[in-house]
Amino acid sequence: MNPRPFPLLLAAAFAAVALTASAGAEKRTYLHRSRGADLRTVNLMVEPAPDGGLRYSLAGLFGNENTLFTFTTGPDGRPAEFVNTRAGGDETRFVFAPGQVAFRQIRPDAAAIETNVPVDPAAWPDFNSRPDPYLTAHALLRAYDFEHKGRQSFSVFDVDDTGQTLVPYEISLEWVDDDGVVLPNGRFRARHLVQLQQSSAPTWYKKRRGSQTDFWIDDAGALLRVYRHREPYELILQNYSNPAARLDPAASAQGYPQPPTPAPGNRPPPPPP
């Protein structure tokens, strides 16, 4: 497989993409920010999948409507498929099965590439890029056990820095507070989780040991805000409508305060000598 930058690896063959809402679909509008500056506003469609799971669709992340990301989960919440298509004939597809990911890449100027990559059956995809659709996070965060709380460990994987295979690594998720999150229309009740990198992996984005990403989700698992500390990179939901969860309607969204990094005692332990 030829090495390709990850935004292109995950970018790939639709002539013109249009997201059409189906029955039960929900549109969530996110502001994407990179390095403290607004990048663009993008709509995410969330709708039931035919087999009882969920389908997440997002177009326009790269500044036009011809790039489409879709991520589908099964009825058990496990990932089923991740597809990225782009006008011009490119398509990249990941089909997830226990212990294996079928990885297919189609390019108009080259033969299709297909490979099956073995993975830990319990592992989750943790794909990242810049710009970043943050689609696989919807499944990973739902795997957190809120009843038992505390720091919980997960095996995950992403595309490696050659674009040729998938690479595993370990993360932890911890529910750290319920203090709420500031959005454009006020401060809302939210579950704040911190993802910490517990082992490094040779990928392009954020995969160094000790890296941190903060997530705020509502009780239904919807992403309200994401803050990846490395660049930093942010997602902020712009059209949240849940009056029962509003804590302070007068809270200002200007500035979107940066979450703190973990105290030294809460970071991963140093590697063994």
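**Charged and aromatic side-chain contacts**

Arg28 is buried in this predicted model, its relative accessible area being 8%, and its side chain meets that of Glu26 in a salt bridge with an N to O distance of 3.2 Å. Glu26, by contrast, is partly exposed, since its relative accessible area is 38%, which lies between the limits of 20% for buried and 50% for exposed residues.

This contact belongs to a set of 16 salt bridges. Another joins the side chains of Glu174 and Arg151, with 3.5 Å from N to O, and this pair links distant parts of the chain, given that Glu174 lies in strand E11 (residues 166-177) and Arg151 in strand E10 (residues 151-159), 23 residues apart. Glu174 is partly exposed at a relative accessible area of 26%, and Arg151 is likewise partly exposed, at 37%. In the salt bridge between Arg225 and Glu234, the closest N and O atoms are 2.9 Å apart, and here both residues are buried. Salt bridges also connect Arg130, Asp132, Arg228, Arg230 and Glu231 into a network.

Turning to the aromatic side chains, 15 aromatic pairs were found in a search of the whole structure. For Tyr56 and Phe71, the ring centres are 6.2 Å apart and the planes are at 25 degrees, so the pair is classed as stacked. Because Tyr56 is located in strand E3 (residues 54-59) and Phe71 in strand E4 (residues 67-73), this pair ties together parts that are 15 residues apart in sequence; both Tyr56 and Phe71 are buried. The rings of Phe82 and Phe94, with centres 6.1 Å apart, have their planes at 70 degrees, and the pair is therefore edge-to-face. Phe82 lies in strand E5 (residues 79-86) and Phe94 in strand E6 (residues 90-97), so that parts 12 residues apart in sequence are tied together by this pair, and both Phe82 and Phe94 are buried.

Arg78 lies over the face of Trp124, at a distance of 3.9 Å from the ring centre, while Arg191 lies over the face of Trp175, at 5.1 Å from the ring centre.

Technical notes:
Residues numbered from 1 in each chain as written. Predicted model: local features only at pLDDT ≥ 70, side-chain atom pairs only at ≥ 80, totals over all residues. Heavy atoms only, no water. Salt bridge = Lys/Arg side-chain N within 4 Å of Asp/Glu carboxyl O. Buried < 20%, exposed > 50% of the residue type's maximum accessible area, 1.4 Å probe, protein only. Helix = DSSP H or I, 4+ residues; strand = E, 2+ residues; numbered from the N terminus. Phe/Tyr/Trp six-rings, centres within 6.5 Å; stacked < 30°, edge-to-face > 60°. Lys NZ or Arg CZ within 6 Å of the ring centre and 35° of its normal.
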